[in-house]
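Visitor: Hi, could you walk me through this one? I'm new to it.

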Amino acid sequence: MLTKKRIYTIASWAIVFWIAKIFLTSIPYKFSGHPDTEHIFSTIGSWMAATLSVDLGAFFAQYGAIVVGSAELATSLLLLSPLILLIKDKISGQNSARLRAKIHVLGGLASSGIMAGAVFFHLFTPLGVEVLHEGKSDGGSLFMAAVSILILGLVLSAINLKLIKAE
């Protein structure tokens, strides 16, 4: 029989794998200077230069993809790191569930924070909800992925806080 604790743990891992999939599959685009990525960050950089600061806009256009990609990579590694705890627990017979939950709280908050920025830029800059580049549309898929991670990161944190408090 599945207990509430077990259901939360399974849901937690499902959310972690979704977030890591989205973040890690975007890494090659962020670090390779892909034209779509350059379009996104130069569009936001131009907006920043016009509304906030020329220097900030230039920095974001040039280095934003690397900064965001690095944050997404670090967050993915954080979220997936409890897999090592699972292996250690299987070998030693220990239980690191509380530590896993704490790591997933932090990773969920980090994921949501990163994607709050993405959602903001989609909604309030010329980038838009539907990214158009060279006559092609992403159909809003980047925006929807950002919204899903923003929400699921908060859910991940909430369910793991419940697990921590239940112990």
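Visitor: What does phenylalanine 23 touch, not counting residues up to four places away in sequence?
Guide: Phenylalanine 23 touches Glu72, Thr75, Ser76, Ser111, Ile114, Met115 and Ile149. Contact here means heavy atoms within 4.5 Å. Keep in mind that this is a predicted model, where local features need pLDDT of at least 70 and side-chain atom pairs count only at pLDDT 80 or more, while totals for chains, interfaces and linings use all residues. Residues are numbered from 1 along each chain as its sequence is written, and side-chain values use heavy atoms, with hydrogens and water left out.

Visitor: Okay. How many residues does the largest nonpolar core have?
Guide: It has 18 residues, and those with the most contacts inside it are Ile19, Phe23, Met115, Ile149 and Leu156. A nonpolar core is a set of buried Ala, Val, Leu, Ile, Met, Phe, Trp, Tyr and Cys residues joined through side-chain atoms within 4.5 Å. Buried means under 20% relative accessible area, exposed over 50%, and partly exposed in between, with a 1.4 Å probe and protein chains only.

Visitor: Which helices each supply at least two residues of this core?
Guide: α1, α5 (97-124) and α6 each do. Helices (H or I, at least four residues) and strands (E, at least two) are DSSP runs, numbered from the N terminus. Another core lies apart from this one, with 10 residues, among them Phe41, Trp47, Phe60 and Phe121.

Visitor: Why does phenylalanine 60 count as buried?
Guide: Because its relative accessibility is 13%. Phenylalanine 60 lies in helix α3 (residues 54-80). Not counting residues up to four places away in sequence, phenylalanine 60 touches Phe41, Ile44, Gly45, Met48 and Phe121.

Visitor: How do α2 and α3 cross?
Guide: The axes of helix α2 (residues 35-51) and α3 come within 7 Å and cross at roughly 150 degrees. So α2 is roughly antiparallel to α3. Axes are lines fitted to C-alpha atoms, for helices over the stretch in contact, and angles run from 0 to 180 degrees between N-to-C directions. Under 35 degrees counts as roughly parallel, over 145 as roughly antiparallel, 65 to 115 as roughly perpendicular and the rest as oblique.

Visitor: Is α2's crossing of α3 left-handed or right-handed?
Guide: α2 passes α3 in a right-handed crossing. A crossing is left-handed if the near helix is turned anticlockwise from the far one by less than a right angle, and right-handed if clockwise.

Visitor: And how do α1 and α6 pack?
Guide: Helix α1 (residues 4-32) and helix α6 (residues 141-166) pack at about 150 degrees, with axes 9 Å apart. That makes α1 roughly antiparallel to α6. α1 passes α6 in a left-handed crossing.

Visitor: Changing topic: is threonine 9 buried or exposed?
Guide: Threonine 9 is buried, at a relative accessible area of 18%. Threonine 9 lies in helix α1. Leaving aside neighbours within four places in sequence, threonine 9 is in contact with Arg100 and Leu163.

Visitor: How many helices and strands are in the chain?
Guide: The chain has 6 helices and 2 strands. Along the sequence, the pattern reads α-α-α-α-α-β-β-α.

Visitor: What does the C-alpha trace span?
Guide: Along its principal axes, about 55 × 30 × 25 Å. Of the 167 residues in the chain, 40% are buried.
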